[in-house]
Amino acid sequence: MKTRALTKLLSTTATPALLLTDNSIQWHNSAFDTLAKPERQQIEHWGQHGHDELLVCHGMLFERLTADDHTLVIASGHRAPAQQRQLMQALLPQLQHGTDPFFALPQILAELLQWQSAAACKHLHDGQLSLVGHWSDGQQQPPRTLKMKHSLAAPLYDDAQTGTRVQEWEAEDTHDPLLPEQGIWLGQRIDNANGQPIGHLAVWGPGPQTSMADSIHLLQLCADLVSAWSPSAESKEPPAASFIQDRLTGLPLRDALDHALTTSEQHYRNGKDYLLALIDIDALSEINTRLGQQEGDRVLCAFADKLRHVCRPNDQLFRFGGDEFVLLLPAGSHPPPIMDRLQQINRSMSEQLGHPFNASVGLAKLDEVNGSGDELLLLADSRLQQDKRTG
Ligand SMILES: Nc1nc2c(ncn2[C@@H]2O[C@H](COP(=O)(O)OP(=O)(O)OP(=O)(O)O)[C@@H](O)[C@H]2O)c(=O)[nH]1
């Protein structure tokens with residue numbers, strides 16, 4: 001069990017959580033601290049030695065999840081403990097493997113709450129939504145960009161007070177391209193730690209097979225989890241979006257990358273490592289000449305969109321120059337499978353464009369260059385040139 005991922009995820013949730021390793025307390029969140037001492041002792045003792053499967057304490061229901069030498073004790077409330085447990089069991093392994101929660105959650109939510117469809121969107125610039133995860137009729141659907149004004153979710157972003165919205169619709173009421181003729185839609189906005197909307201979750205279909213209250217409850221819990229997982233909860237760095245963005249792709253540019261590299265150098269000195277991927281579209285000049293500048297622009301935008309979709313909350317993406325992009329990713333003990341993801345993007349770009357597409361890549365880690373951001377870029381560039389030569 002990756003305890004660091006777990007503790008990060010649960011640190012800001014409002015319900016108490018406690019992690020025991022070899023039967024002694026390794027970590028607890030601040031909600032656990034707010035309980036009276038006898039209650040804390042009761043929960044700890046039950047976590048270590050209790051025979052009952054569940055514990056009711058302080059009006060909450062506590063459950064244990066055990067793996068290897070670790071026991072995670074979490075309060076789940078009375079309403080939907082089994083669903084919360086299933087949610088965590090489905091979501092945590094995906095997060096530990098570096099899957100973006102926006103990609104993973106729709107399938108989990110649709111199956112758990114038995115809705116026909118579910119989606120998770122990130123809020124982009126210029127009134128656009130990036131549909132990252134979309135589960136419909138038992139299948140994962142491809143990611144795409146949507147116009148906010150056509151989405152039933154638009155009021156969630158207009159009115160900061162209303163984070164949750166339920167709506168019945170009929171075909172004539174909406175231009176939302178995701179929705180069938182009629183049904184019920186439930187949406188939940190996701191705010192970051194500063195209260196700014198970063199996206200939303202939605203489920204829809206003929207109606208919930210389980211109770212609507214359970215669906216609302218679980219969507220709200222997921223929004224809290226995604227918010228806790230997002231980088232702004234712990235980082236005081238200005239987001240890349242505070243730099244001027246590229247007008248074509250909406251991505252931050254070279255100055256934002258320079259800033260991010262300086263920040264990475266500082267984190268490196270505190271023991272964190274980073275992986276940089278320098279990515280260059282092959283033969284864009286040929287596409288421009290053969291198919292026109294507009295097609296070249298379309299290729300750049302589509303590629304930027306696809307790269308955006310594979311970014312996890314802590315990953316950063318930049319347009320580095322004409323046809324070059326940079327992905328800067330925190331690199332823990334399990335490096336993200338970035339080569340696999342880029343190969344998938346190459347394949348889906350070729351399918352989408354109807355002509356062959358390839359982007360070459362050079363990868364380098366900060367610890368290979370003793371923590372120097374400039375040298376990190378140089379090393380990634382020399383590997384990119386090598387990749388171009390060898391194909
Ligand atoms: N359509 C379009 N083209 C661009 C833009 N920015 C740069 N380019 C083009 O990208 C091409 C980059 O040229 P090169 O660096 O030689 O790259 P390439 O043709 O992709 O060739 P290789 O990278 O060697 O495979 C040039 O033709 C630029 O005009 C843009 O915003 N839109």
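A cavity, as I use the word here, is a set of grid points where a 1.4 Å probe fits but cannot get out, and its lining residues are those with an atom within 4 Å of a point.

**Entry: the cavity.** I began with the question of how many cavities of 30 Å³ or more there are, keeping in mind that this is a predicted model. The count came to one cavity of 30 Å³ or more, and for the largest cavity I noted a volume of about 70 Å³.

**Entry: its lining.** I then looked up which residues surround the largest cavity, and I found 13 of them in its lining, with Ser151, Asp176, Leu178, Trp185 and His200 lying nearest its centre. The elements that give two or more residues to this lining are β6 (117-123) and β12 (197-205), and I noted that β12 gives the most, with three residues. When I sorted the lining by class, I wrote down 10 nonpolar, two polar and one charged residues.

**Entry: confidence.** I next turned to the predictor's confidence, where the mean pLDDT of the protein is 84 and 88% of its residues reach 70 or more. Which elements have the lowest and the highest mean pLDDT? I found the lowest, 64, in helix α1 (residues 3-10), and the highest, 96, in strand β13 (residues 274-281). Over residues 232-238 I saw that the pLDDT is below 50, and that this stretch has 10 contacts in the model beyond near neighbours in sequence.

Note on methods:
Residues are numbered from 1 along each chain as its sequence is written. This is a predicted model: local features need pLDDT of at least 70, side-chain atom pairs count only at pLDDT 80 or more; totals for chains, interfaces and linings use all residues. Side-chain values use heavy atoms; hydrogens and water are left out. On a 1 Å grid over the protein atoms alone, a cavity is a set of points where a 1.4 Å probe fits but cannot get out, and a pocket is an open set with protein on both sides within 12 Å along at least five of seven lines; lining residues have an atom within 4 Å of a point. Grid points are joined across faces, edges and corners, and a volume is the space filled by probe spheres set on the points. Helices (H or I, at least four residues) and strands (E, at least two) are DSSP runs, numbered from the N terminus. Ala, Val, Leu, Ile, Met, Phe, Trp, Tyr, Cys and Pro count as nonpolar, Asp, Glu, Lys and Arg as charged, and the others, Gly among them, as polar. pLDDT is the predictor's confidence in each residue, from 0 to 100. Contact means heavy atoms within 4.5 Å.
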